[in-house]
Amino acid sequence: VTGDLDRDSRAWLRRFWLELLLGSLTFALGLAVAAWGLRALAERYAPLGRDRLSPLMRPNDYEVVVIGSSMTGVGFRHEHFEAQLHDEHGRTLRSYGLGMGALRGPELDFYVRRVLELPMPKLRWLLIDVTVDQDPELEEKNWFATREIEWQTPRQFALVASHVMGEEKPLEKRLTTLWPFARHFGINALNIGRGHAALEGFDRMGEPEPERRQPPDWRLDRKASKAKKYRENVKAHESAVRRLIASRRRGSTRSNALPATWRDAAAERGVEVAYVVGPTTFNAAFPAEVPGKPDLRVFDFNDPREVPHLYEITYHYDTVHLTEPGAESFSRDLADALDEAMNELERR
Amino acid sequence: MLFSEPIFFPFFLLCFAVRWSLRGFGTQKTFLWAASYVFYGAWDVRFLALLAGSTVVDFIVGKNIEAATTVARRRAWLVVCLCSNLGLLTAFKYFNFFTSSTVALLGAFGLSVPAPTLEVVLPVGLSFFTFQSISYVIDVYRKNIAVVRNFRDYALFVAFFPQLVAGPIMRAVDFIPQLAVPPRLRDVDFRRHLAVFCLGYFKKVCIADNIALAIDPVFAAPLKYGSTDVLLAATGYSVQIYCDFSGYSDMAIATAGLLGFRLSKNFDAPYFSVNIQEFWRRWHISLSTWLRDYLYISMGGGRVSEPKVYRNLIVTMLLGGLWHGANMTFVIWGLLHGVALAATRAFGKTRAAAAWARVPASRFIGWVLTFAWVVFCFALFRCESIQIFFDMLGRIGEDARRTGVDPRWWLVIVALGLAQFAFHRYREVLRGLTQRAPVPLYGLALGAAAALALFITPLAKRPFIYFQF
C-alpha cells in the first residue's frame with residue numbers, strides 16, 4: 001500500500017511541477033501581453049514625458065529647441081535669443097527652452113529622442129546642453145517620483161546598467177546603485193500607476209495644448225540674498241575662473257560617448273545638433289574631442305578667455321546658474337553661435 | 001513589509017519553497033516561526049522583543065493555569081496574563097490618551113495639572129497579537145482547550161506571519177489543532193488561494209488606495225468642500241475601509257492557505273446587512289466574535305436582565321471602539337454602534353418588529369438604514385477629531401453644486417456595490433469556473449488581471465488602515 005502511495009505521490013508531484021511551470025509561463029505571457037496592450041493605451045492618452053513635452057506638440061511652432069539641465073532652465077531666455085537672431089542676423093526663428101533640473105545622461109537621451117519623435121515639421125536645430133557630466137544619477141529623495149520613472153525605458157535602463165556595472169567599484173556597491181534604477185524600470189515596464197495618467201489624458205482630450213515657452217516644473221531658489229552673497233565673494237569667483245582656465249574640460253569622457261549618438265539620431269530626421277557647454281565656473285565634463293566623433297558641433301562658453309563677459313561676477317547666481325542679466329547675455333551669445341553655424345551650413 | 005509591497009513576493013516565494021521542501025513537520029514549523037519573526041522584524045527589530053516577551057509570558061501563564069490546583073490560583077494567573085497584555089496595550093497605545101483625557105476632565109473642573117506623556121512608537125499589530133494571546137489564556141482558564149505544551153507551536157500560533165499584524169484574530173482552538181497534523185502540498189487549493197490573493201490585492205491597492213486619493217483631502221479640510229463632496233467622502237471611506245481591511249484579510253487567508261494553514265473568515269459581505277446586528281456578524285468577524293466571547297459573555301451576555309444586556313452591549317462596543325485606537329472618535333464610534341445594537345435588540349422585542357417584518361420593503365428599508373448608519377459612523381471613525389466630524393456635518397446641505405471630488409466616484413461606488421452583489425451571489429459559480437479552467441487559461445487570465453491591477457495601482461505607498469490599530 002505504501003509503495004502505491006509513494007508512486008501516486010511522485011506522479012502527483014510531477015504533475016504539480018508541470019502545472020506550476022505551465023501556469024507560471026502563461027501567467028508571464030498574460031501579464032506581458034496585457035501590459036503591452038495597456039501601454040499602447042497609456043501612450044495614446046498620456047505619452048511618457050507628456051507634461052514636459054506637451055507644449056512642443058503644438059504644430060508648426062518651433063524651429064529651435066534648447067534642451068538641458070537647470071543651466072538651460074535658468075540661463076536660456078527665448079525672448080533675448082529670438083530678438084538677437086532677428087535684430088542682428090535677420091533670422092526669424094521660434095525657440096523653446098526645455099530645461100529640467102539635473103537633466104543628464106540616459107534621461108537626457110530619453111528626452112532628446114522623444115523630442116525627435118514629436119511631429120514638429122519646422123524643427124531644424126536641437127541645442128543640447130552638456131555642461132554637467134552625463135553620469136546617471138538618482139538621489140534617494142527622488143525615488144518613485146513620476147519624472148524618475150518615466151524615462152526608465154528598456155534603452156535607458158540598458159544605458160544605466162552598462163554605466164553603473166562598468167564602474168570600478170565593488171560589485172555590491174554597483175548593485176546597490178543599480179537597484180533603485182531597476183525598480184523604476186520595473187514600474188515603467190509594468191505600467192504601474194499609468195492608468196491614472198491615461199485617465200487624466202482621456203479627460204483632457206480635445207483640449208488645446210497650453211502655450212508655454214518653458215516647462216513650469218524646474219524650480220531654483222533664486223533668492224536675492226544668495227546671489228548677493230555670491231557676488232560679495234569676489235576672490236572665490238576669480239579663483240574658480242583661474243582654475244577653469246588652467247584645467248578646462250578635463251572631465252570624465254566615459255559617459256560622453258552617449259551625447260555623440262544624438263547627432264546621428266537627429267540627422268535621420270533632418271535636424272542639426274549643437275552641443276552647448278555653458279559658462280559655469282567649474283570645469284565642464286564634455287571633452288573638446290569625443291573619440292570617433294571629431295566633427296561634433298560644440299558651442300563652447302566654458303572658456304573665460306573666449307567669452308570673458310559671461311564670467312562677470314554679476315552674471316553669476318552661483319557656480320552653475322546665471323542671473324537675469326547673465327541669462328540675457330548668454331542667450332544672445334547662443335543666438336550668435338547658432339547664426340554662425342547656420343551660415344556655415346548654408347555655405348556648404 | 002506589506003503584502004502589497006514588491007519585497008513581500010520574493011519573501012513569500014522563499015518561505016513557500018523552503019516550507020514545502022523541508023522534511024519533518026517540526027522543522028517546517030520552526031522555519032515558519034523564524035520567518036514570521038523576520039517578517040515582523042522588518043518593521044522594527046525592537047518590536048521582536050515585545051512579541052517574544054509577550055509570547056513567553058502567556059505560554060508560562062497557560063501552563064501555570066493548567067497546573068494550578070485551586071480556582072484562586074487559576075484566577076491569579078489569569079490576572080497576570082490580563083495585566084501583562086493590557087499593560088502592554090496601555091503603555092504603548094493608551095497611556096497618552098488616558099492621561100490627556102484625565103487632564104482635560106480635571107481642567108473642566110478648574111484643576112490644572114501637567115499631562116505626563118510617553119514618547120513611544122506603537123508596535124505594529126500589537127492589538128492583534130495581545131488579543132490572540134488573551135483569548136488563548138482565557139480558553140485555557142475556561143478549560144475550552146488543552147494547554148499547548150510545545151513552546152514552538154505556541155510561538156508560531158502567536159507570530160504566524162500571514163495574520164500577525166492585522167488579523168484575522170486567530171483562536172487557539174482553531175489553529176493549534178492544525179499544528180498537530182502535517183498538511184500535504186496536494187491538499188493546498190492553489191487556484192482558489194491565488195485568486196483570493198489577487199482579489200485581496202485588487203481590493204486593497206486598486207480600490208481602497210485610489211478612493212483614498214480622492215477623499216483624503218475632504219477629511220483633511222471639510223470646510224473647503226460642499227455637501228455632495230462630504231457625502232461622497234463619507235460613502236467612499238466606507239468602501240475604502242472595507243476594501244482595505246477585507247483585502248488584507250483575503251491576502252492573509254490566501255497566504256496562510258498556500259502555506260497549508262486555514263484562517264477563519266473575517267468578512268461576509270457586511271454592507272448587505274439589513275440590520276446592525278447582522279452587520280456585526282459579517283464585519284471583522286474575528287474581532288466581533290472575540291468581543292462577544294471574551295467580553296460580552298464575561299459580563300453576563302444575554303443571560304441577565306434586559307437593561308443589563310443593553311449595558312453589556314454598549315460597554316462591549318465602546319471597548320471595541322477603544323481597541324481601534326486612542327482617540328475619542330473611536331470611542332464614540334463604538335458607543336454609537338453599541339447604542340444601535342441595543343436599540344435593534346429592544347425593537348426586536350416589541351410587537352412592532354413582527355409587523356415590520358411583514359412590510360414588503362422592510363428588508364430593503366432595513367438595508368438602507370443600516371448602510372446609512374454604518375457610513376455615518378465610519379465618517380466619524382475616519383475623522384482626526386470630533387471637531388472635524390462636526391465640520392463635515394455642518395457642510396451637509398451647503399454648496400451642493402461645488403464638486404471638489406470627481407462626481408464619477410459615485411458611479412464607481414455603485415458599480416463596486418453591484419460587482420460585490422454579483423460576486424456574493426454567484427461565488428460558487430465563480431469558484432467552479434476557477435477550478436475547472438485549464439491551467440494555461442487560468443495563468444493567462446491571472447496574468448492579464450495582474451497587469452490591469454498594476455495599471456491602476458497608485459504609486460504612493462499606503463499602509464493598511466488596520467495596521468495603526
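**View 1. The second largest pocket of the predicted model has a volume of about 1300 Å³**. Here a pocket is an open set of points on a 1 Å grid over the protein atoms alone, with protein on both sides within 12 Å along at least five of seven lines. Grid points are joined across faces, edges and corners, and the volume is the space filled by probe spheres set on them.

**View 2. The lining of this pocket counts 46 residues**. Lining residues have an atom within 4 Å of a point. A:Gly195, A:His196, A:Ala197, A:Leu199 and A:Glu200 lie nearest the centre. Both chains supply elements with two or more lining residues, including α1 and α8 (171-189) of chain A and α18 (408-425) of chain B. α9(A) gives the largest share, nine residues. Helices are DSSP runs (H or I, at least four residues), numbered from the N terminus. The lining divides into 25 nonpolar, 10 polar and 11 charged residues; Gly counts as polar.

**View 3. Chain A and chain B bury about 2200 Å² between them**. This is the accessible area (1.4 Å probe) lost on being put together, summed over both. Carbon and sulfur atoms give 75% of it. A:Trp12, A:Leu38 and A:His196 lose the most area in chain A, together 22% of what that side buries. Contact (heavy atoms within 4.5 Å) takes 29 residues from chain A and 22 residues from chain B.

**View 4. One salt bridge is counted between chain A and chain B**. The side chains of A:Asp203 and B:Arg408 form it, at 2.7 Å, N to O. The rule asks for a side-chain nitrogen of Lys or Arg within 4 Å of a carboxyl oxygen of Asp or Glu. On the side of chain A that touches chain B, α1(A) gives the most, with 18 residues.

Residues are numbered from 1 along each chain as its sequence is written, and chains are lettered from A in the order written. Local features need pLDDT of at least 70, side-chain atom pairs 80 or more, while totals for chains, interfaces and linings use all residues; side-chain values use heavy atoms, without hydrogens and water.

Key
Buried area is the accessible area (1.4 Å probe) that two parts lose on being put together, summed over both. On a 1 Å grid over the protein atoms alone, a cavity is a set of points where a 1.4 Å probe fits but cannot get out, and a pocket is an open set with protein on both sides within 12 Å along at least five of seven lines; lining residues have an atom within 4 Å of a point.
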